[in-house]
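Please keep the sequence and the three-dimensional view at hand while reading.

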Amino acid sequence: MDIEQRQSELIDQFVKQASAASNTSAISSVIVDATSHPLLFAFSEILALPNVLQLEATDEEFYLDLLRLFAHGIWSDYKSNADRLPQLVPDQILKLKQLTVLTLVETYKVLPYDQLMQELDVTNVRELEDFLINECMYAGIVRGKLDQLRRCFEVQFAAGRDLRPGQLGDMIQTLSDWLSTSENMLVSIQDKIKWADSMSEVDKKHRKEVEEKVDEVKKSIFKADIDFRGHEEICAESGGVMDYEEDRSRPKRRRHPIS
């Protein structure tokens with residue numbers, strides 16, 4: 001079963017549990033279970049439920065803030081607001097650090113070890129590489145290459161996180177800009193194709209004209225050669241007749257008898 005299908009099933013499971021929760025305490029329990037689950041990395045569907053949003057302005061509101069943290073935040077956000085949030089259990093700490101990696105790779109496809117160690121509160125390279133291999137790559141949320149020589153993590157694939165407030169509008173604008181750029185490029189390519197086609201026609205026309213001129217020259221040379229040969233033959237035949245006639249009209253010498 002791939003990670004997307006598993007995510008979908010888990011989301012449905014927790015959405016049903018949260019929807020069926022009859023009081024704030026039960027909803028808070030579902031939130032804790034969801035944010036602790038080792039295979040769940042998306043929370044926006046749970047966060048959008050009306051009864052979950054009803055935690056606002058109640059004694060359980062900090063669980064709603066906790067869910068928002070796992071939907072959109074990172075490990076440093078928790079450290080900055082730890083006094084206003086429930087204390088995290090080890091599974092939640094691990095999950096939030098995994099989500100932190102997913103957030104970082106949205107912007108950077110090559111992550112320096114120093115940056116990762118700072119963001120994840122990791123003290124040495126061995127611990128960082130173990131975390132990336134065992135808790136991220138084996139979990140299927142990222143794929144990449146650990147470059148020990150350059151001290152960086154080269155990301156090839158990463159699972160997506162929940163969209164942050166306002167992020168959808170930014171994505172739509174980015175896609176609109178990309179579409180506009182693509183359309184302009186397409187027009188430019190089409191213009192170049194038309195230009196190439198026209199040049200091809202010009203080249204074909206020019207080639208045809210050259211070939212016709214070559215044929216005309218060949219014909220002229222051939223005709224001139226025939227005329228020249230014919231003239232030679234006529235001259236040769238005329239010369240022969242004249243010699244013959246001259247020979248007949250020339251008086252013959254008489255031989256004198258030998259005494």
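Lys-109 is located in the loop between α7 and β1 (110-112). The model is a predicted one. Leaving aside residues up to four places away in sequence, Lys-109 touches Phe-153, Glu-154 and Val-155. Phe-153 is 44 residues from Lys-109 along the chain, and the C-alpha atoms of the two are separated by 8.1 Å.

| Helix pair | Axes come within | Crossing angle |
|---|---|---|
| α5 (residues 61-72) and α7 (residues 90-107) | 8 Å | roughly 40° |
| α2 (residues 24-36) and α7 | 8 Å | roughly 55° |

With axes that cross at roughly 40°, α5 and α7 are therefore oblique to each other. On the α5 side, the contact is made by Leu-66, Leu-69 and Phe-70, and on the α7 side by Gln-92, Lys-95, Leu-96 and Leu-99. Sorted by class, the contact of α5 with α7 has five nonpolar residues, one polar residue and one charged residue.

The second pair crosses at roughly 55°, and α2 and α7 are therefore oblique to each other. Here α2 contributes Val-32, Ala-34, Thr-35 and Ser-36, while α7 contributes Asp-91, Gln-92 and Lys-95. The residues of the contact of α2 with α7 divide into two nonpolar, three polar and two charged.

Charged pairs form the next topic. Side chains of opposite charge can pair when their charged atoms come close. How many salt bridges does a search of the whole structure find? The search finds nine. One example is the salt bridge of Glu-9 with Arg-6, in which the closest N and O atoms are 3.8 Å apart. Both Glu-9 and Arg-6 belong to helix α1 (residues 3-20), where they lie three residues apart, about one turn of the helix.

Finally, the surface carries a nonpolar patch formed by Met-185, Ile-189 and Ile-193. Together, these residues have about 290 Å² of accessible area. Met-185 has its place in helix α10 (residues 167-249).

Note on methods
Residues numbered from 1 in each chain as written. Predicted model: local features only at pLDDT ≥ 70, side-chain atom pairs only at ≥ 80, totals over all residues. Heavy atoms only, no water. Axes fitted to C-alpha atoms, helices over the stretch in contact; angles between N-to-C directions. Helix = DSSP H or I, 4+ residues; strand = E, 2+ residues; numbered from the N terminus. Parallel < 35°, antiparallel > 145°, perpendicular 65-115°, else oblique. Contact = heavy atoms within 4.5 Å. Nonpolar A, V, L, I, M, F, W, Y, C, P; charged D, E, K, R; others polar. Patch = residues over 30% accessible without salt bridge, like charges linked within 9 Å, V, L, I, M, F, W, Y side chains within 5 Å. Areas by Shrake-Rupley, 256 points an atom, 1.4 Å probe, with all protein chains shown as cover. Salt bridge = Lys/Arg side-chain N within 4 Å of Asp/Glu carboxyl O.
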